[in-house]
Structure formats: structure tokens, C-alpha cells
Amino acid sequence: MGPTLKDATAIAGIGQTPFARQLPESEKTLACRAIVAALDDAGISPSEVDAFASYTMEETDEVEIAKAIGAGDLTHFSKVGFGGGGSCATVAHLAAAIATGQASVGVAWRSRKRGSGPRPWKNTQVQLPTPGQWTRPFGLLRPADEIGMLARRYMHEYGATRDHLFNVALACRNRANQNPAAIMYERPLTREMYMTARWISEPLCLFDNCLETDGALACVVVSAERARDCRQRPVYVHSAAQGLPAQHHGMVNYWNDDPLTGPAWAAARHLWKGADLGPQDVDVAQIYDAFTPLIPLSLEGYGFCERGEGAAFTEGGALETGGRLPLNTGGGGLSEAYVHGFNLITEGVKQLRGTSTAQVPDAATCLVTAGEGVPTSALLLRS
Amino acid sequence: MTPSVPPATDNRPGSGADLLLPVPDDDGAPFWEYAARGELRVQACAGCDALRFPPRPCCPNCRSFAARWQRMSGRGRIWSYVLPHPPLLPAYAEQPGYNAIIVELAEAPRIRLVGNLVTAADAPLNSVDPARLRIGAPVKAVFHTMPGGVTVPRWLLERP
Ligand SMILES: [Zn+2]
């Protein structure tokens with residue numbers, strides 16, 4: 001067996017801007033602020049940065065960011081595709097680069113003005129021929145419609161109900177109510193609000209959909225050895241994986257034998273294979289929540305329960321503080337901020353430092369996942 | 001000058017508005033050509049006969065690059081559906097309560113097509129009462145020529 005990623009690297013710094021529906025500064029400025037804050041958190045000079053990783057959908061690029069923050073010579077830079085599916089892979093790519101000596105100080109970031117910017121699905125000129133030709137003419141226009149199809153089928157096959165989806169929305173909202181940085185801080189959600197909310201794509205209502213947010217986040221990845229000399233307690237990258245399963249079709253995963261078995265299953269198999277831990281050892285989870293049904297699907301995919309049991313798993317406060325698996329403790333994409341899942345990574349780091357606003361006592365392991373329903377990625381972090 | 005690609009939307013005056021038209025790629029073009037003749041056909045491998053959708057250059061089963069287009073009966077069942085609500089593109093928002101469905105084909109349930117359930121080939125996208133939508137309901141294909149000249153399959157309930 002050759003070198004492994006296991007605990008070879010650590011997240012040494014995190015940074016973020018405020019989150020809001022509308023921020024005045026540009027994506028580039030926000031990116032620089034988050035990155036400089038993350039490096040300051042780690043106690044590492046920007047001039048030491050020699051690696052970058054982000055999303056292909058990130059519109060600020062390495063050349064601009066590197067010269068703005070005064071980075072050194074870059075020897076590794078990578079971008080990961082598939083929107084929110086790439087979040088955890090940005091850290092994984094840096095971890096791989098650092099563990100194999102290609103770089104020593106890596107920064108991953110995401111800056112996005114989704115709150116005040118255009119809705120991506122409105123641009124009909126970039127309608128991709130495949131699979132757009134098979135879906136768009138019929139009014140299947142938005143991610144909410146595409147995931148709504150899978151959600152309806154999931155509810156039909158397994159008896160999942162809107163109350164199960166509400167359990168997810170409520171857990172995220174309750175944690176956001178504890179997090180002053182969250183968009184939904186001090187804005188509680190009730191079952192009545194949920195059940196009477198307007199539809200976005202029936203069976204999904206307003207509260208099944210993530211926020212639309214302006215904001216930026218970043219984290220700093222270094223070797224485990226270097227991390228132990230940094231300002232903050234290291235959060236080790238214990239295991240990491242990407243997942244693009246055979247015959248997968250992206251968010252319109254309708255054309256294979258089992259559309260409800262998505263990328264989470266493929267990522268999970270590799271994630272657990274590279275880990276000393278299993279699902280039963282996870283103290284707290286940050287699971288990508290652009291839409292509430294992604295949570296039961298991911299709970300199944302990552303092995304917290306069997307196929308078809310993800311909805312039932314959410315019952316009895318399982319996702320709340322003190323529950324079986326406290327979820328999205330900063331509020332997640334549903335209630336803290338929707339920045340393509342990057343806030344789930346930083347919240348995982350906060351939990352393992354012991355500094356979350358909804359701290360799980362003695363949390364030592366955290367699963368972070370990227371977007372389910374598209375080629376995805378995941379990280380298993382430990383303190 | 002003739003445009004080499006069809007417009008992404010149909011915005012001719014009187015068309016009833018900018019419904020999105022299919023933007024075919026090389027692999028998908030035959031599907032739309034057959035649809036224009038009122039035929040529902042699915043790509044099949046000429047080597048191992050496996051059906052595949054969406055169409056693609058190579059058979060994932062036997063890697064043959066030879067393909068044919070197999071005619072389907074046009075019968076199927078609703079596999080799932082959604083009722084999209086605003087915010088939507090205007091042409092769709094103007095047909096509130098419209099549905100988008102997925103149909104699994106009777107002869108090949110793993111081949112599933114996204115479409116609309118309507119009361120007649122040329123009826124509006126919201127012509128069916130949403131309460132009539134049921135997973136498992138049998139449906140049959142009809143063909144509707146959009147104002148932009150592109151023909152798309154649509155679906156009628158077998159037992160309206
Ligand atoms: Zn074949």
C-alpha cells in the first residue's frame with residue numbers, strides 16, 4: 001500500500017464574509033476577504049500560499065486572487081465541476097497535493113453573489129443540449145423541479161411524507177436560530193409555516209429550498225505536521241472521496257436502473273474504505289442541503305441507515321442537538337447561507353475546534369458532504 | 001443567413017410565448033426527426049440490442065458504435081411528476097398548475113422520458129387537473145408541433 005491521505009493534512013484556518021441577500025462588494029473582493037481571514041486564522045502569511053482549489057462555477061480565478069492577496073509562486077491549482085458537488089473535493093484536491101509534495105499551503109474558496117445575482121436557470125441561451133433537450137422544453141426548468149421529481153418518487157416508494165422533509169428544514173432552522181452569522185438567525189420556523197408555505201415545485205415548498213445568498217468562505221489546508229504549529233487546533237482530513245457512479249446523469253438522474261441511488265453511495269464506499277471509522281462513529285454531520293430531500297437520500301447513501309429508511313431516520317429529533325446525528329449545526333444551506341456548501345466545511349471545522357454556536361459536546365468526528373444528486377464529494381474530519 | 005442551430009426559445013409573434021424548444025445535439029437529433037413524423041423511437045445498440053437513453057455515441061454494454069432507432073409503442077406509466085410554481089420563465093408561469101411528468105415506457109421501464117400530461121396533443125400544458133396525476137397511471141404518447149416548428153411527444157391518460 002502506497003501513501004494515503006489519512007490524517008496527512010489538516011485544515012488550519014477558516015474565514016468568511018458576512019452572509020446577506022445582497023452584499024455591495026464584488027465576488028472578487030469577497031473572495032479576497034474570506035481568504036485573507038482564513039490565512040490570518042491559521043497564522044500563515046499569504047505569501048506562503050502555493051496552491052489553490054475551487055469550483056469550476058467559481059468566477060474569481062487563481063490569477064486574480066493570487067495577485068490580490070500577494071500569494072507566492074503557485075505550484076498546484078485545480079477546479080472541481082458540478083456546482084455544489086465539488087465543495088468537499090476542493091479540500092480533497094489540496095490535501096492530495098500537499099500529501100504528495102506538490103504544494104505546502106493550500107487555499108480553497110467559494111465566493112458567490114447568488115442572492116443578488118442572476119438565477120442560473122434563467123439563461124436559456126446556455127441550455128445544454130444534453131440533457132437540456134430532454135427536459136427543458138417540458139417546463140422542467142430548475143434544480144427544484146429536477147430534484148422534486150426524485151423526491152416525489154422517493155415519497156411514493158418509501159412512504160416518506162412532508163413531515164419528514166419538515167424535520168430536516170426545522171433542524172437546520174433551529175441551528176441557524178443559534179448562529180448570529182446565519183441569515184435565519186432569530187427567525188424561527190413552525191410546522192404551520194412549513195405546511196402552508198407556497199409551493200416552488202410541488203412536492204417541494206419554499207422551505208424545502210436553500211437560501212439565496214451573497215457571501216464568500218475559504219479554508220487553509222497544510223500538512224498535519226505544519227498544522228500542529230499553527231494558531232488553531234488542527235482539524236485533520238481523515239478521509240476524502242469524490243463520487244460519480246456508473247450510469248449517473250446529474251440532477252436529472254432518471255435514466256438508469258435505480259435513480260434513487262445517487263452519487264452519495266459511490267462517494268461513501270470510498271470514504272469509509274479510507275477511514276478507520278464508520279458511520280456509527282460520526283459525532284456530527286454537515287450534509288449538503290440545497291433541498292430537504294437530499295438529506296434522507298444522503299443519510300442512506302453514507303450508511304447511517306438502510307435504503308428507504310432515510311426519512312424515518314429524521315423522526316424523534318434525530319437531527320437536532322442531542323439527537324442521534326446532529327445536522328448542519330450552523331444552519332446549513334437551508335438556513336445559514338447557500339454558498340454551494342462551503343459553509344458546511346467551515347462549520348465542520350468549528351465543531352471539531354469546539355467553537356460552533358451549536359456545539360456538540362466533545363465532537364471528535366464530523367462528516368461533511370457535497371451536493372447529492374450531482375457528481376459529489378465528501379470529507380471525514382477529525383480532531 | 002440561415003441560423004445553423006434552432007433558436008432556444010420560440011418567440012414568434014402569436015406563438016403564445018417563449019416556451020423552450022429542444023436544442024438537439026448530434027446524438028439526439030434522430031429522436032426529434034422521428035418525433036416530427038409522429039414516431040417515438042429510442043436508440044438501440046446494433047450489436048447487443050440494448051436500448052439506451054439519452055442517446056450517446058457508444059453502447060455502455062458492449063461498446064459498439066453501431067446504433068439503430070427502435071420504434072416504441074408509445075405506451076407507458078407515470079413514474080413521477082412535479083407541479084412547478086413561480087418563479088418560472090414567463091411562458092411557463094402563464095400556464096399555472098402545469099405539470100412535468102416522467103413516463104417509463106411499457107416495453108422498457110428503465111427508459112424514462114420527461115414530458116407533459118395534457119388532455120389533447122395541442123392542449124395547454126395545464127389542461128389536466130393536477131388531481132388526476134398519479135404515479136403508475138397508464139399514458140400514451142401523442143405528438144405536438146410547437147409554434148417554432150419542432151415536434152415534441154406529449155402524453156394522454158389512457159383512461160381520461
Ligand atoms: Zn451494445
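This is a predicted model: local features need pLDDT of at least 70, side-chain atom pairs count only at pLDDT 80 or more; totals for chains, interfaces and linings use all residues.
How do strand E3 (residues 75–84) of chain B and E4(B) pair, and over how many bridges? They pair in the antiparallel sense, over 6 bridges. Two strands are said to pair if DSSP finds at least two bridges between them, and helices (H or I, at least four residues) and strands (E, at least two) are DSSP runs numbered from the N terminus.

Good morning. Residues are numbered from 1 along each chain as its sequence is written, chains are lettered from A and ligands numbered from 1 in the order in which they are written, and side-chain values use heavy atoms, with hydrogens and water left out.

Let me begin with chain B. It has 2 helices and 7 strands, which follow the pattern α-β-β-β-α-β-β-β-β along the sequence. Of its 160 residues, 51% count as buried; buried means under 20% relative accessible area, exposed over 50%, and partly exposed in between (1.4 Å probe, protein chains only).

I return to strand E4 of chain B, residues 100–105. All of this strand is buried, 6 of the 6 residues, so it is largely enclosed by the rest of the structure. One side presents B:Ala100, B:Ile102 and B:Glu104, the other B:Ile101, B:Val103 and B:Leu105, and both faces are covered. Opposite B:Glu104 stands B:Arg77. E4(B) also pairs with strand E5 (residues 112–115) of chain B, in the antiparallel sense over 4 bridges. There B:Val103 faces B:Leu113 of E5(B), and a hairpin of 6 residues joins E4(B) to E5(B).

Next, the metal site. Which residues coordinate the zinc ion? They are B:Cys45, B:Cys48, B:Cys59 and B:Cys62, each through SG, at 2.3 Å. Donors are N, O and S atoms within 2.8 Å of the metal (3.2 Å for Na, K and Ca); water is not among the atoms, so sites may look incomplete. The 4 donor atoms subtend angles of 99 to 116° around the zinc ion, which makes the arrangement tetrahedral; four donors count as tetrahedral if all angles lie between 85 and 135 degrees. B:Cys45 lies in strand E1 (residues 41–45) of chain B and B:Cys59 in the loop between E1 and strand E2 (67–71) of chain B, so the pair ties together parts that are 14 residues apart in sequence. B:Cys45 is buried, at a relative accessible area of 0%, and B:Cys59 is buried too, at 1%.

I turn now to the interface. Here 38 residues of chain A are in contact with 41 residues of chain B, contact meaning heavy atoms within 4.5 Å. About 3600 Å² is buried between chain A and chain B, and carbon and sulfur atoms give 63% of that area. A:Trp134, A:Phe138 and A:Met149 supply 22% of the area that chain A buries against chain B, more than any other three residues. Buried area is the accessible area (1.4 Å probe) that two parts lose on being put together, summed over both. Between the two chains the count is 1 salt bridge, a side-chain nitrogen of Lys or Arg within 4 Å of a carboxyl oxygen of Asp or Glu. B:Arg110 forms a salt bridge with A:Asp257, and the closest N and O atoms are 3.5 Å apart.

Finally, in chain A, 8 of the 8 residues of helix H10 (residues 294–301) are buried, so the helix is largely enclosed by the rest of the structure.

How values were computed. Four donors count as tetrahedral if all angles lie between 85 and 135 degrees; four count as square planar and six as octahedral if opposite donors are over 155 degrees apart and all others between 65 and 115; anything else is irregular.
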